[in-house]
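Student: I would like to learn how to read the packing of helices in a model. Could you take me through a case, step by step?

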Amino acid sequence: MYQLKHLLKTVVETRNQLALKPLPPILVKIAPDLSLDEKKDIADVVLDSVKGILKFGDVAHYFVVNVSSPNTANLRKLQAKDQLKHLLKTVVETRNQLAVKPLPPILVKIAPDLSLDEKKDIADVVLDSKCKVDGLIVSNTTVDRYEYLDARYKEETGGLSGEPLRNKSTELISEMYKLTKGKLPIIGVGGVFSGKDAFEKIKAGASLVQIYTSFVYHGPPLVTRIKSELEELLQKEGYNSVSQAVGAAHKS
């Protein structure tokens, strides 16, 4: 833990020297140290998360409670209503005790492979006044395997990202936007390779968009291209800002 905090301190000091305005935020993702089994239960997970917030609350610009990675055994069980409510209630209470201003926001990253009942349960929990978070990240990688995938890799375990995830994540953004009645900011993730991809997620309900796989393949120039394409699309449809387009698909 000391080594990680020392790393973050160095990262923050380096970031603060950048000749940029505004400075890019620093994210701390809370992915509890676990594979949920007979030796580790929800109490251990909550304790891990509390320790993380207390340790990094003075350097993190926001926290992500990641309960949806398919690459950690049983982690997705934390999306179940009772377990998620207990975890988020404690995490929010801990964050609220930090001696920093402003308090770092807390976001929950959810899986794209949820049933309708699970989506409804998550919406109920994240809007509950006792465990209300500041936003959702939609979504993590999928465990689905589509027919068009290369047969050599179709049986590999783990999460699938990139273009195969695009439509599924956009559909989930739309569903969670409706289930939360647009009251909770959503960061849209999954298969964003163009301004059109980003625009679709924004209209579905995302206030912000993240890229991962496309950045790996195309590098920093992709960011400029996506922004340029997005600006053109916004202007074409008569929007003066991204915020005007958020959730537009639900208002027509």
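Tutor: Let us begin with what counts as a contact, namely heavy atoms within 4.5 Å. This is a predicted model, and in it Arg166, Ser169, Thr170, Ile173, Ser174 and Tyr177 of helix α5 meet Asp197, Glu200, Lys201 and Ala204 of helix α6. By class, the residues of this contact divide into three nonpolar, three polar and four charged.

Student: How is the arrangement of two packed helices described?

Tutor: In general, two packed helices are described by the angle between their axes and the distance between the axes. Here α5, residues 166-179, and α6, residues 195-204, pack at an angle of about 20 degrees, and their axes lie 8 Å apart. Angles under 35 degrees count as roughly parallel, and α5 and α6 are therefore roughly parallel to each other, while their crossing is right-handed.

Student: At what angle do α6 and helix α8 pack, and how far apart are their axes?

Tutor: For α6 and α8, the latter spanning residues 221-236, the angle is about 55 degrees and the axes are 7 Å apart. The two helices are therefore oblique to each other, and α6 passes α8 in a right-handed crossing.

Student: Which residues make the contact of α6 with α8?

Tutor: From α6 come Gly195, Lys196, Ala198, Phe199 and Ile202, and from α8 come Ile226, Glu229, Leu230, Leu233 and Leu234. The residues of this contact of α6 with α8 divide into seven nonpolar, one polar and two charged.

Terms used:
Residues are numbered from 1 along each chain as its sequence is written. This is a predicted model: local features need pLDDT of at least 70, side-chain atom pairs count only at pLDDT 80 or more; totals for chains, interfaces and linings use all residues. Side-chain values use heavy atoms; hydrogens and water are left out. Axes are lines fitted to C-alpha atoms, for helices over the stretch in contact, and angles run from 0 to 180 degrees between N-to-C directions. Helices (H or I, at least four residues) and strands (E, at least two) are DSSP runs, numbered from the N terminus. Angles under 35 degrees count as roughly parallel, over 145 as roughly antiparallel, 65 to 115 as roughly perpendicular and the rest as oblique. A crossing is left-handed if the near helix is turned anticlockwise from the far one by less than a right angle, and right-handed if clockwise. Ala, Val, Leu, Ile, Met, Phe, Trp, Tyr, Cys and Pro count as nonpolar, Asp, Glu, Lys and Arg as charged, and the others, Gly among them, as polar.
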